[in-house]
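Here is a short report on the side-chain contacts of one protein model. Look at the sequence and the structure first, then read on.

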Amino acid sequence: MESNLYRNDEPVDFWVWINPQNWLVKHQITFTGGFTSGGLLKKGKSNLMFIPDPEFESDITPFQFGIMREYMAEYNLERGRERYFPDYPSRLNAIYLFASEVEAHKYRERHMQHVGDRVLKKVHSIMPCLYSIHDSSWVDFLRLTHSVDPESLDNISKAYWTGMRVEDNELSSMGKLWSEQAVLEVLFLGRIEFYDRSL
């Protein structure tokens with residue numbers, strides 16, 4: 001399988017959904033012209049802010065379950081990255097981009113609630129940069145209200161990080177087949193600048 005990890009010294013174009021109402025976004029676009037990601041972690045260092053408590057035995061509310069479902073998807077993917085793909089950008093400190101306008105619109109169609117009133121902007125990398133491309137449908141699968149056994153979590157994490165597409169695999173959720181068309185996201189480390197700074 002071809003690698004989905006890229007190091008580039010030449011400018012590369014990407015697309016990003018930005019929230020023009022966010023004061024930090026306004027500042028970054030208007031005054032600095034771009035965004036800078038977090039850096040690449042040293043091998044053996046964790047990027048996880050919270051570690052699940054193995055001794056937790058209490059009941060949880062639906063509210064707690066909703067919060068943890070989102071975090072556990074990121075937790076499991078980050079643990080897989082740490083274990084098998086430490087040279088890849090972490091989802092927890094990368095900038096989320098799209099390699100094309102088409103992919104950005106596919107993401108919006110599936111995640112209208114997340115995109116909301118955001119504005120799509122074209123950006124370019126300031127070299128050098130590191131980025132990887134992944135099917136975000138794996139993340140959607142992990143966020144479903146179902147349980148996934150540890151072996152499957154490990155396999156899903158490997159599939160996500162290697163760039164495999166959900167639609168090329170057989171998945172089931174709650175006893176029913178589950179599949180989605182790929183929506184390719186870019187995890188980017190480095191600096192991007194906006195072609196158009198208007199909001």
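## Two buried rings

F14 and F188 are both buried. The model is a predicted one. What kind of pair do the rings of F14 and F188 form? Their centres lie 5.6 Å apart and their planes meet at 65°, so the pair is edge-to-face.

Where do the two residues sit? F14 belongs to strand β2 (residues 13-18), and F188 belongs to strand β8. The pair therefore ties together parts that are 174 residues apart in sequence.

## More aromatic pairs

A pair of aromatic rings is described by two things: the distance of the centres and the angle of the planes. The structure holds eleven aromatic pairs. F14 with F188 is one of them.

F141 and W178 make another pair. Their ring centres are 5.1 Å apart, and their planes are at 50°, so this pair is tilted. F141 lies in helix α5, while W178 lies in strand β7. The contact therefore ties together parts that are 37 residues apart in sequence. Are these two residues buried or exposed? F141 has 3% relative accessibility, so F141 counts as buried. W178 has 15%, so W178 counts as buried too. The cut-off for buried is under 20%.

## A ring cluster and two charges over rings

Ring pairs also link Y84, F85, Y88, Y160 and W161 into a cluster. The charged end of K122 sits over the ring of Y195, and the distance to the ring centre is 5.7 Å.

## Salt bridges

How many salt bridges does the structure hold? There are 13. In one of them, E70 is joined to R143, with the closest N and O atoms 3.3 Å apart. E70 lies in helix α2, and R143 lies in the loop between α5 (137-142) and α6 (150-162). E70 has 33% relative accessibility, so E70 counts as partly exposed. R143 is partly exposed at 28%.

E180 and R110 also meet in a salt bridge, at 3.5 Å from N to O. E180 sits in the loop between β7 (176-178) and β8 (184-194), and R110 sits in helix α3 (residues 101-110), so the pair ties together parts that are 70 residues apart in sequence. Both ends are partly exposed: E180 has a relative accessible area of 29%, and R110 has 25%.

R191 forms a salt bridge with E193, and here the closest N and O atoms are 3.4 Å apart. E193 counts as partly exposed, at 25% relative accessibility. Some salt bridges share partners. Through them, E70, E74, R91, R143 and E185 are joined into one network.

Which residues make the nonpolar surface patch? F56, I60 and F65 do, and the patch covers about 280 Å². I60 is found in the loop between β3 (34-36) and α2 (62-84). I60 has 44% relative accessibility, so I60 counts as partly exposed.

Key:
Residues numbered from 1 in each chain as written. Predicted model: local features only at pLDDT ≥ 70, side-chain atom pairs only at ≥ 80, totals over all residues. Heavy atoms only, no water. Patch = residues over 30% accessible without salt bridge, like charges linked within 9 Å, V, L, I, M, F, W, Y side chains within 5 Å. Areas by Shrake-Rupley, 256 points an atom, 1.4 Å probe, with all protein chains shown as cover. Salt bridge = Lys/Arg side-chain N within 4 Å of Asp/Glu carboxyl O. Helix = DSSP H or I, 4+ residues; strand = E, 2+ residues; numbered from the N terminus. Buried < 20%, exposed > 50% of the residue type's maximum accessible area, 1.4 Å probe, protein only. Phe/Tyr/Trp six-rings, centres within 6.5 Å; stacked < 30°, edge-to-face > 60°. Lys NZ or Arg CZ within 6 Å of the ring centre and 35° of its normal.
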